[in-house]
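Good morning, and thank you for coming. Please look at the sequence and the structure as I show them, and keep both in view while I speak.

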Amino acid sequence: RHYLMTLDARVEDINSEYFVQATAGFTASDIEETVSRAARRAANRERESGEEDSVREADVLEAAETISREQGTVREFIETPPNQDFDDVAGMAEIKQILRQRVIDPLENPLLYEEYGVDIEHGFLLYGPPGTGKTHISKCLAGELGVNYIHAKASDLVSKFIGEGAQNVEQMFAEARNNEPCLIFIDEIDALVGSRGSQHQTSERQIVNQFLEELSQLNDQDHDVVVVAATNIIEDVDDAMLRSGRFTEQIEIPPPGAEARKEIFKLHLNAPVADLDETRIAALTNGFVASDIEAVAEQAARQAMHRAQHANSIKKVRMADIENAVATIRSCC
């Protein structure tokens, strides 16, 4: 809004919400350039028509879109601080405590760590089976910190053109630094920075090398950027990525225990319920990961909803619904 007010030109009403969305992730200089280009578009129309004109909403949005295209596609992954935090993570009390100690506390108390000569880590690796909630907890971590968020998958960054993947990595880190404090989450990191053996192509080795360089710079230059990566198989991640100064902190996200399974189930079951045996539910879902339990809750709710449709009255989720849902999910797996 401040930059829109600085336009040295006549300005029509511009939806500030649209402007904020169009310039998400922009630096101050990017926004200044957006405003400047929008003003030039209006001036060109005025010269061509010979009549007075104003800067229109379309001028501003088109200028923002052009700048975003010129700077590549990584910008579109930047999000403002997520509206989720650790309250939205069911169970995982131990994991949340570890993240508070190793990630949140150092970032919130940097002077204390400096006083005692303790380095602040910038790279964290979450590992564990698929469906344990690695992506969800990373987003909640960004929300807990109140920082900007980048969620990238290996497929977002890898390119079949040699050298382009490394450039994408470089640009992503540049965007994070321009929008710090920022948390970068990279899913399936093993697909991006697997072992650099001879069987890998030049472009893949370049990506790993670029990652190593970027992580080293974060530590050397003390940027307010945290990188959280996730993998299902930690053995597939290049050994160089796990050394000191890179993904030094490696945190296992295991399948949820009995108490956590109860909490996850209650979080995802948003339907009228009869008296349910939580202990039995925990036993029935033994070995399930978070995504499995979420599926059980949804399936059970659907069964109750279908009964309600036929009876034209409210029907509650029963233990039989949950047992049937568990059997269905287990058969699918």
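This is a predicted model: local features need pLDDT of at least 70, side-chain atom pairs count only at pLDDT 80 or more; totals for chains, interfaces and linings use all residues.

Let me begin with a definition: rings of Phe, Tyr and Trp, the last taken by its six-membered ring, count as a pair if their centres lie within 6.5 Å, and planes over 60 degrees apart make the pair edge-to-face.

How many aromatic pairs does the structure hold? There is one. Phe-173 and Phe-211 form this pair, with 5.6 Å from centre to centre and 85 degrees between the planes, and the arrangement is therefore edge-to-face, given that planes over 60 degrees apart count as such. Phe-173 belongs to helix H9, residues 164-178, and Phe-211 to helix H11, residues 202-221, so the pair ties together parts that are 38 residues apart in sequence.

Phe-211 leads us to the nonpolar core. The largest such core has 30 residues, and those with the most contacts inside it are Ile-189 and Phe-211. Several elements give two or more residues to this core: S3, helix H8 (154-157), H9, S4, helix H10 (189-192), H11 and strand S5 (225-231). Which element provides the largest share? That is H11, with six residues.

Strand S3 covers residues 148-153 and pairs with strand S1, residues 78-79, in the antiparallel sense over two bridges. In that pairing, Glu-79 stands opposite Tyr-149 in S3. S3 also pairs with strand S4, residues 182-187, this time in the parallel sense over six bridges. Here Ile-150 stands opposite Ile-184 in S4. I ask you to trace S3 on the screen, with S1 as one partner and S4 as another.

I turn now to charged side chains. As a general point, side chains of opposite charge can pair when their charged atoms come close. The structure holds 11 salt bridges, and I shall discuss a few of them.

One of them joins Arg-41 and Asp-59, whose closest N and O atoms are 3.2 Å apart.

Lys-262 and Glu-259 meet in a salt bridge, at 3.1 Å from N to O. Both residues lie in helix H12, residues 258-268, and they are three residues apart, about one turn of the helix. Which of these side chains is buried, and which is exposed? Lys-262 counts as buried, at 16% relative accessibility, because the cut-off for buried is under 20%. Glu-259 is exposed, with a relative accessible area of 51%.

Glu-278 pairs with Lys-266, and the closest N and O atoms are 3.9 Å apart. Glu-278 is in helix H13, residues 278-284, and Lys-266 is in helix H12, so the pair ties together parts that are 12 residues apart in sequence. Glu-278 is partly exposed at 34%, and Lys-266 is also partly exposed, at 42%.

Arg-302 is in helix H14, residues 290-311, and is partly exposed, with 41% relative accessibility. Arg-302 and Ala-271 are 31 residues apart in sequence, and their C-alpha atoms are 9.3 Å apart in space.

Leu-112, Tyr-116 and Val-118 make a nonpolar surface patch of about 330 Å². Where does Tyr-116 lie? Tyr-116 is found in the loop between helix H6 (110-115) and strand S2 (123-127). This residue is exposed, with a relative accessible area of 63%.

Methods. Residues are numbered from 1 along each chain as its sequence is written. Side-chain values use heavy atoms; hydrogens and water are left out. Patches are made of residues with over 30% relative accessible area and no salt bridge: like charges are joined within 9 Å, nonpolar side chains (Val, Leu, Ile, Met, Phe, Trp, Tyr) within 5 Å. Accessible areas come from the Shrake-Rupley method with a 1.4 Å probe; for residues, only the protein chains shown count as cover. A salt bridge is a side-chain nitrogen of Lys or Arg within 4 Å of a carboxyl oxygen of Asp or Glu. Helices (H or I, at least four residues) and strands (E, at least two) are DSSP runs, numbered from the N terminus. Buried means under 20% relative accessible area, exposed over 50%, partly exposed in between (1.4 Å probe, protein chains only). Two strands pair if DSSP finds at least two bridges between them. Rings of Phe, Tyr and Trp (its six-membered ring) pair if their centres lie within 6.5 Å; planes under 30 degrees apart count as stacked, over 60 as edge-to-face and the rest as tilted. A nonpolar core is a set of buried Ala, Val, Leu, Ile, Met, Phe, Trp, Tyr and Cys residues joined through side-chain atoms within 4.5 Å.
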